[in-house]
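My plan is to look up the contacts, the angles and the handedness, and to write down what I find.

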Amino acid sequence: MDELKNAMRAKDEAALRTLRAIKAAILIEKTSEGATDTISEATEAKMLQKLAKQRRDSLEIFEKQNREDLASKEREELAIIERFLPKQISADELKAELQAIIAQVGAKTAADMGKVMGVASKQLAGKTDGKAISEAVKQLLS
């Protein structure tokens, strides 16, 4: 809420638009069926990951269609959302973590990808997105 107030004072349209979207997502989560009045940090991180993924997907589409006006808005919003996300791990750190998980579950071939993905998704939640995990696992198991 403090960030939202600061964005209003600064008349920062991009920050204001993005922070309102985050606030709306939080309100939806709090009022969803079976929800309590508070949400956990894990749920909050998952929600922010989802918002960031939506922005990345839209950005990719807008860049393919040469719509720089729309792509710039998505970049601005993505940068603001990423300020609230936990620090993302690098590709090298991701591979190191995944190699440890592969050794832990005893995966040998691509057929074992499901085992690895189950453990990796839980351990790396919030640190990177599922698409990056999936691609790295495919490379390591092939």
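I began with the contact of helix 2 with helix 4 in this predicted model, and I noted that Ala14, Ala15, Arg17, Thr18, Leu19 and Ile22 in helix 2 meet Lys73, Glu76, Glu77, Ile80, Ile81 and Phe84 in helix 4.

I then looked up the geometry of the pair, since two packed helices are described by the angle between their axes and the distance between the axes. Helix 2, which covers residues 13-31, packs against helix 4, residues 68-84, at an angle of about 60°, and their axes lie 9 Å apart.

My next entry concerns helix 5, residues 91-105, and helix 6, residues 113-123, whose axes cross at roughly 130° and come within 10 Å. That angle is why I wrote down helix 5 as oblique to helix 6. The crossing of helix 5 and helix 6 is right-handed.

Which residues in helix 5 and helix 6 meet? On the side of helix 5 I listed Leu98, Ile101, Ile102, Gln104 and Val105, and these meet Lys115, Val116, Val119, Ala120 and Gln123 in helix 6. I sorted the residues of this contact too, and they divide into seven nonpolar, two polar and one charged.

How values were computed. Residues are numbered from 1 along each chain as its sequence is written. This is a predicted model: local features need pLDDT of at least 70, side-chain atom pairs count only at pLDDT 80 or more; totals for chains, interfaces and linings use all residues. Side-chain values use heavy atoms; hydrogens and water are left out. Axes are lines fitted to C-alpha atoms, for helices over the stretch in contact, and angles run from 0 to 180 degrees between N-to-C directions. Helices (H or I, at least four residues) and strands (E, at least two) are DSSP runs, numbered from the N terminus. Contact means heavy atoms within 4.5 Å. Angles under 35 degrees count as roughly parallel, over 145 as roughly antiparallel, 65 to 115 as roughly perpendicular and the rest as oblique. A crossing is left-handed if the near helix is turned anticlockwise from the far one by less than a right angle, and right-handed if clockwise. Ala, Val, Leu, Ile, Met, Phe, Trp, Tyr, Cys and Pro count as nonpolar, Asp, Glu, Lys and Arg as charged, and the others, Gly among them, as polar.
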